[in-house]
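Please look over the structure shown below and work through the questions that follow.

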Amino acid sequence: MTKSEKSTIFRAEHSPLKVTLLVFSGASIMCVACAVDPLRAANRIAGETLFDFKLVSVTGEAPVTTCGLPVAVSGRFDAAEPTDVLVVVAGFGTQNYATSALLSGLRRAARTARACGGVEAGTWLVARAGLLEGRSATTHWEDMEDFSSAFPGVDVRPDRYIIDGPVFTTGGASPTLDLMLHLIRTRLGMAVALDVASSFIYDQARAATDAQPLVSLGRLDGYDPRLAQAIRLMESHVDQPLTIEAVAKRAGVTARTLESIFRKSIGETPGAYYLRLRLGAARRLVVDTRVAMADIAGRTGFSSAAAFSRAFSRAFGEAPVRLRRG
């Protein structure tokens with residue numbers, strides 16, 4: 001990072017991050033969802049607004065995605081409005097949107113934002129605004145050759161996503177989800193990122209530099225297959241928790257080795273992660289259902305409703321009954 005660049009948003013930081021998503025007609029609904037829904041899920045899992053996001057369009061009207069579904073926005077893009085992150089989400093027809101007024105607005109917003117970036121064809125608009133000159137970037141693999149010809153000053157790579165200083169770019173929907181999981185992981189920790197990935201039944205992402213055309217399975221096992229096995233054992237034994245020794249034995253390691261794997265990969269002990277996993281499942285039942293508290297306690301492996309309430313209160317700052325009322 002040069003002296004002129006802002007501090008990265010991809011670092012441990014608990015303060016809320018203000019994110020503005022500028023969506024254009026012709027964008028893929030998948031790209032929009034992969035950009036915004038992980039942030040929504042992270043807020044829900046954390047129990048507080050750590051990503052203060054909003055969607056806008058150039059005109060203030062709902063942009064229509066490629067499948068015909070409109071995206072509700074909160075208003076018109078205002079380059080003067082403060083934001084920490086500007087995300088440009090675009091698809092077909094970007095050449096129709098690259099007006100001098102828009103490009104000037106992107107440059108103005110980027111000067112005050114901590115980071116800005118393009119999702120799929122949004123990269124074209126970010127590049128036309130001059131924000132990728134001298135940097136590395138990616139875009140959808142179908143456009144890579146044309147993009148390289150149009151912007152010779154950009155180091156174009158076939159990566160899934162690229163972060164170069166305060167600018168980031170992604171090659172499509174799945175890489176955008178990978179990027180957002182990376183953002184969540186670096187800011188809030190691996191454990192929260194895993195919870196977010198689990199909420200979409202999505203294994204943790206591949207490396208950013210993996211080539212786009214390969215099938216993206218996003219293997220959690222890429223971190224450590226023993227970690228993946230242990231977590232899946234925990235997930236399948238929420239109602240009747242295994243001892244950490246039993247989890248370690250089934251994963252083929254000692255309890256001490258398992259603890260080392262968890263601390264290195266996630267930053268907490270297997271026991272702490274397992275408890276948080278169970279409490280996360282309990283919180284979903286408290287918020288989203290009318291299941292009795294005693295039954296929730298039983299479903300998430302607590303010996304009594306009182307023990308469940310105490311653990312829940314310690315984790316989330318209020319009793320489950322109060323959370324449900326609120």
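Q: How many contacts beyond four places in sequence does the model have for residues 211-221, where pLDDT stays under 50?
A: This is a predicted model, and the protein averages a pLDDT of 89, with 92% of the residues scoring at least 70. Over residues 1-5, however, the pLDDT is below 50, and that stretch has 6 contacts beyond near neighbours in sequence. For residues 211-221, where pLDDT likewise stays under 50, the number of contacts beyond four places in sequence is 31.

Q: What is the distance between the end C-alpha atoms of residues 228-326?
A: The UniProt record, in an unreviewed entry, lists residues 228-326 as "domain: HTH araC/xylS-type". In the model this span is 71% helix and 0% strand, and the distance between its end C-alpha atoms is 36 Å.

Q: Which residues does Ile244 touch, not counting those up to four places away in sequence?
A: Ile244 has its place in helix α8, which covers residues 244-250. From Ala230 it is 14 residues apart in sequence and 9.2 Å apart in space, C-alpha to C-alpha. Leaving aside residues up to four places away in sequence, Ile244 touches Met234, Leu258, Pro270, Gly271 and Tyr274.

Q: Which helices hold Trp124 and Phe147?
A: The count of aromatic pairs comes to 8, and the rings of Trp124 and Phe147 have centres 5.2 Å apart with planes at 90°, so this pair is edge-to-face. Trp124 counts as buried at 12% relative accessibility, and Phe147 is buried at 0%. The pair ties together parts that are 23 residues apart in sequence, because Trp124 lies in helix α3 and Phe147 in helix α4.

Q: Which ring does the charged end of Arg278 sit over?
A: One aromatic cluster is formed by Phe302, Phe308, Phe312 and Phe316. Arg283 lies over the face of Phe316, at 5.5 Å from the ring centre. The charged end of Arg278, at 4.4 Å from the ring centre, sits over Phe302.

Technical notes
Residues are numbered from 1 along each chain as its sequence is written. This is a predicted model: local features need pLDDT of at least 70, side-chain atom pairs count only at pLDDT 80 or more; totals for chains, interfaces and linings use all residues. Side-chain values use heavy atoms; hydrogens and water are left out. UniProt positions are given in the numbering used here, feature names are shortened, and annotations may be inferred rather than shown by experiment. Helices (H or I, at least four residues) and strands (E, at least two) are DSSP runs, numbered from the N terminus. pLDDT is the predictor's confidence in each residue, from 0 to 100. Contact means heavy atoms within 4.5 Å. Rings of Phe, Tyr and Trp (its six-membered ring) pair if their centres lie within 6.5 Å; planes under 30 degrees apart count as stacked, over 60 as edge-to-face and the rest as tilted. Buried means under 20% relative accessible area, exposed over 50%, partly exposed in between (1.4 Å probe, protein chains only). A charge sits over a ring if NZ of Lys or CZ of Arg is within 6 Å of the ring centre and within 35 degrees of the ring normal.
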